[in-house]
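Keep the model open as you read.

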Amino acid sequence: MNRLSDTKLNILVTGGAGFIGSGLVQKLLNEGHFVTSIDNYFTGSKENHVNGCKYLNKTTSDCWTINKKNIDIIYHLGEYSRE
């Protein structure tokens, strides 16, 4: 039985330039996965970029314009908090 970390996956992280998202991106890259991030930088920052991740300046509604055939998992962290 394969563990997730034993399989190299193409992963999309929305909000990958945020504090929590960048930590997730780093962990996934450390496990050897291929990671793409969508972030509109409303609360995220380019200072949080992690080497090895492909960053796209898009909103979460744009994630459906990406070729999903090449994506195995989506981690959806990129959304505004509500008051």
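This is a predicted model: local features need pLDDT of at least 70, side-chain atom pairs count only at pLDDT 80 or more; totals for chains, interfaces and linings use all residues.

Local features need pLDDT of at least 70 and side-chain atom pairs count only at pLDDT 80 or more, while totals for chains, interfaces and linings use all residues. Residues are numbered from 1 along each chain as its sequence is written, and side-chain values use heavy atoms, with hydrogens and water left out.

The elements run β-α-β-β-β from the N terminus. They are DSSP runs numbered from the N terminus: helices are H or I of at least four residues, strands E of at least two.

Of the 83 residues, 35% are buried, meaning under 20% relative accessible area with a 1.4 Å probe, protein chains only.

The largest nonpolar core has 13 residues. Such a core joins buried Ala, Val, Leu, Ile, Met, Phe, Trp, Tyr and Cys residues through side-chain atoms within 4.5 Å. V13, V25, L28, L29, V35, C53 and Y55 touch the most other members. Strand 1 (10–14) and helix 1 (19–30) each supply at least two residues of this core. Helix 1 gives the largest share, four residues. Apart from this core lies another of five residues, including L12, I38, C63 and I71.

What does V35 touch, beyond residues up to four places away in sequence? Its partners are I11, V13, V25, L28, L29, G52, C53 and K54.

Methods. Buried means under 20% relative accessible area, exposed over 50%, partly exposed in between (1.4 Å probe, protein chains only). Contact means heavy atoms within 4.5 Å.
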